Amino acid sequence: MKAVYLTQHGGPEVLTYGDLPEPAIGPNDVKIRVRACALNRLDLFTRAGVRGTRIKTAGPHILGGDIAGDVAEVGSAVTSLKPGDRVVVNPRITCGQCRACVSGETELCVAPGMIGSTKSGGYAEYAKAPAVNAMPLPASLSYVQAASLPTVFLPCWSILLRRAALKPWETALILSASSGVGTAAIQVAKRVIGARVIATTSSDEKARRAKELGADEVVNYKTEDVAERVKSLTGGRGVEVVVDHVGADAWPYATASLAVGGRYGICGVTSGYKVELQMGLMFLRHQTVFGVFMGRNGDLRQIVDVAGKGVIKGVVHATYPLEETRKAHEEMEKLDFFGKLVLTVP
Ligand SMILES: [Zn+2]
């Protein structure tokens, strides 16, 4: 099969387009004919081998976790899917046997994996996944739309609906509206929960698009004092919930924007991962800081259902054919885009 793979860590130049054997599936897996695979920051980190992503297995590695396509083959024990089914994949793999998994809290699995990172993924004509990770798609969702959902919507679902439990009468601060997570978090906070949304971004054009997605207010973090603006927009209270996937650069103004009783959810650290925490303020102000990584298969089922009804949608900046993966990685490193970059595999 055609695939884009790497045999060493490095820049976009280590991505090679060529031929590799199709993946062999186990009894509980499905083989998927990939039609679309979205790029994520994690792909860039894994390609470079930074932030704990060095690949431990020998031989060619295929990046890409957000896979949508057609089931081509099912393992002998699979009863939930059949060849020809259109599916999207939750790239987070769990063991199904540890205490967390049997309790249904699969995001806390002690032996997790990640398709595209710890295992080969979807920059290819074929990929494999556990059948429980593959969600059937409604006809209303295209492969490109479906592939743009998992990695950006799962953490937002975990933060906003489960951990922070944002309420319709509360206000959320969504950092970096133009990123995949930003575009997802605005929609979940506004269109699914009905809360007030303040988003941050860096240009008038990005602010306009954030408002189209549902942001009530947009603050330019390059030209404005974010914490001051948030205070004035919330009558001095601050926001009840922050969704942070930016990390170190945003931490000072984002924590200063958090209300008494506020919940601060972290699902990424693109700009850096070490910060100073004001412990005194935190206990005096009854605040919570927590992290989430991805979400449960059931969450993706819900996300697909809601997306199928048109309530939320993946925001796609551009698509690239598989053989232009290197170009897509170069584009993603420039930071000048709004939404997802998605590979297509005709
Ligand atoms: Zn487990």
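Donors are N, O and S atoms within 2.8 Å of the metal (3.2 Å for Na, K and Ca), and sites may look incomplete because water is not among the atoms. In this structure, the donors of the zinc ion follow the spacing C-x2-C-x2-C-x7-C along the chain. The model is predicted: local features need pLDDT of at least 70, side-chain atom pairs count only at pLDDT 80 or more, and totals for chains, interfaces and linings use all residues. Residues are numbered from 1 along each chain as its sequence is written, and side-chain values use heavy atoms, with hydrogens and water left out.

**Zinc site**

- The protein donors of the zinc ion are the SG atoms of Cys95, Cys98, Cys101 and Cys109, at 2.3 to 2.4 Å from the ion.
- The arrangement is tetrahedral because the 4 donor atoms subtend angles of 104 to 119° around the zinc ion; four donors count as tetrahedral if all angles lie between 85 and 135 degrees.
- Ideal angles for four tetrahedral donors at a metal are 109.5 degrees.
- Cys95 is partly exposed, with a relative accessible area of 28%, whereas Cys101 is buried at 9% (buried means under 20% relative accessible area, exposed over 50%, and partly exposed in between, with a 1.4 Å probe and protein chains only).

**Largest pocket**

- A pocket is an open set of points, on a 1 Å grid over the protein atoms alone, with protein on both sides within 12 Å along at least five of seven lines; a cavity is a set of points where a 1.4 Å probe fits but cannot get out, and lining residues have an atom within 4 Å of a point.
- The largest pocket holds about 1,300 Å³ of space, where a volume is the space filled by probe spheres set on grid points that are joined across faces, edges and corners.
- Its lining has 50 residues, and Arg41, Phe45, His245, Val269 and Thr270 lie nearest the centre.
- Two or more lining residues come from each of helix 1 (41-48), helix 4 (150-163), helix 5 (180-193), strand 11 (196-201) and strand 17 (340-344); helices (H or I, at least four residues) and strands (E, at least two) are DSSP runs numbered from the N terminus.
- Domain 1 (2-148 + 315-344) and domain 2 (153-291) each give at least three residues to this lining, with bounds from an automatic or database domain assignment.
- The lining comprises 23 nonpolar, 19 polar and 8 charged residues (Ala, Val, Leu, Ile, Met, Phe, Trp, Tyr, Cys and Pro count as nonpolar, Asp, Glu, Lys and Arg as charged, and the others, Gly among them, as polar).

**Second largest pocket**

- About 520 Å³ of space lies in the second largest pocket.
- Of its 26 lining residues, Asp29, Lys119, Lys128, Ala129 and Pro130 lie nearest the centre.
- Strand 8 (residues 126-130) gives the most to this lining, with 5 residues.

**Cavity**

- The whole structure has 1 cavity of 30 Å³ or more, and the largest cavity contains about 70 Å³ of space.
- The largest cavity is lined by 13 residues, among them Leu42, Asp43 and Gly65, and helix 1 supplies the largest share, 3 residues.

**Backbone with positive phi**

- Most residues other than glycine have a negative phi.
- Ala165 has a positive phi near 45° and lies in the loop between helix 4 and strand 10 (171-174).
- Met294, in the loop between strand 15 (288-291) and helix 10 (297-308), has a positive phi of about 60°.
- Ala165 is partly exposed at 25% relative accessible area, whereas Met294 is buried at 4%.

Notes. Four donors count as tetrahedral if all angles lie between 85 and 135 degrees; four count as square planar and six as octahedral if opposite donors are over 155 degrees apart and all others between 65 and 115; anything else is irregular.
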